[in-house]
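Here are my notes on the model, as numbered points. Please read them beside the coordinates.

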Amino acid sequence: MLQTPDTFVRSKLPQISKGTAIVHVDPGRGARFLQYTAELECGGSLQPIPAQRFAYVLQGEARVGSDALAPGDYAYCPTGHPLELIATQASRIAVIEKTYEPLSGIPEPTAFVGRESNQPSDPLNGNAKLRVRSLLPVDLAFDLAVNTMEYDPGASLPMVEIHTMEHGVLMLEGGGIMRMNDFWYPTGAGDFVWMAPYCPQWFGALGEVPAKYLIYKNWNR
Ligand code: UGY
Ligand code: MN
């Protein structure tokens, strides 16, 4: 599924105070997670939920506990954790919420905040023109992965992938061509893409500036 900003509809969610959500995908569509963009007023917040949450600041500024979050900063909260994310300016936040799948003998991860620019930028399969940053630790306790992928113009995935993981993909910068099944879609900053498990997929960057997306997948289970 490709959603472009001209089709976005704002709605209310109980976990958002003083703000609205652009719900991108949820179980009603067949996804096993919820992804939305929260548009918060100054003072608006994301309230605790009975699921784990990953929140990445797209625009504005927010606070989680005593930590200030700027664009590119993010917070992870395990199920029901009482931490709120509070917007200290009008802000746009990319949010992923997922029911945690426990693993016997391994405790659920604890809450933390991170900064994308502090994470190593690794070439994918040795290709320095396609760089991946893992925003969550390599740890079996996490049942999800959230990465950013940055493609120099002309760079592309080395193969058409088919895999058990599903994806939520938020285009952050630049653009290119996204292949899903036998369709080839022009995609650019602001677009959202959901790929079901086993959806054949490929991306190649076009244009003058690098293309970058935030990508979720179920992981480690
Ligand atoms: O992590 C991934 O599966 C990633 N390479 N998929 C994608 O970019 N469509
Ligand atoms: Mn993939």
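1. A polar contact here is a pair of N or O atoms within 3.5 Å; within protein, one must be able to donate a hydrogen and the other to accept it, and residues adjacent in sequence count only if both atoms are side-chain atoms. This is a predicted model, in which local features need pLDDT of at least 70 and side-chain atom pairs count only at pLDDT 80 or more, while totals for chains, interfaces and linings use all residues. Residues are numbered from 1 along each chain as its sequence is written, chains are lettered from A and ligands numbered from 1 in the order in which they are written, and side-chain values use heavy atoms, with hydrogens and water left out.

2. A nitrogen atom of ligand 1 lies 2.8 Å from an N or O atom in the side chain of Gln201. Taken alone, ligand 1 exposes 270 Å², and the protein buries 92% of that (Shrake-Rupley method, 1.4 Å probe).

3. The shell around ligand 1 (residues with a heavy atom within 4 Å of the ligand) includes Met149, Tyr151, Leu157, Glu161 and His163. It divides into five nonpolar, three polar and two charged residues; Tyr and Met count as nonpolar in this scheme, Glu and Lys as charged.

4. Strand 14 (144-151) and strand 20 (211-218) are the elements that give two or more residues to the shell around ligand 1. The largest share, three residues, is that of strand 20. Strands are DSSP runs of E, at least two residues, numbered from the N terminus.

5. Arg179 belongs to strand 16 (residues 175-180).

6. Two backbone angles deserve a check. Most residues other than glycine have a negative phi. Asn125, in the loop between strand 12 (122-124) and strand 13 (127-134), has a positive phi near 50°. With 66% relative accessibility, Asn125 counts as exposed.

7. The other is Tyr198, whose phi is positive and near 70°. Tyr198 is found in the loop between strand 18 (192-195) and strand 19 (201-206). At 52% relative accessibility, Tyr198 is also classed as exposed.

Methods:
Helices (H or I, at least four residues) and strands (E, at least two) are DSSP runs, numbered from the N terminus. Buried means under 20% relative accessible area, exposed over 50%, partly exposed in between (1.4 Å probe, protein chains only).
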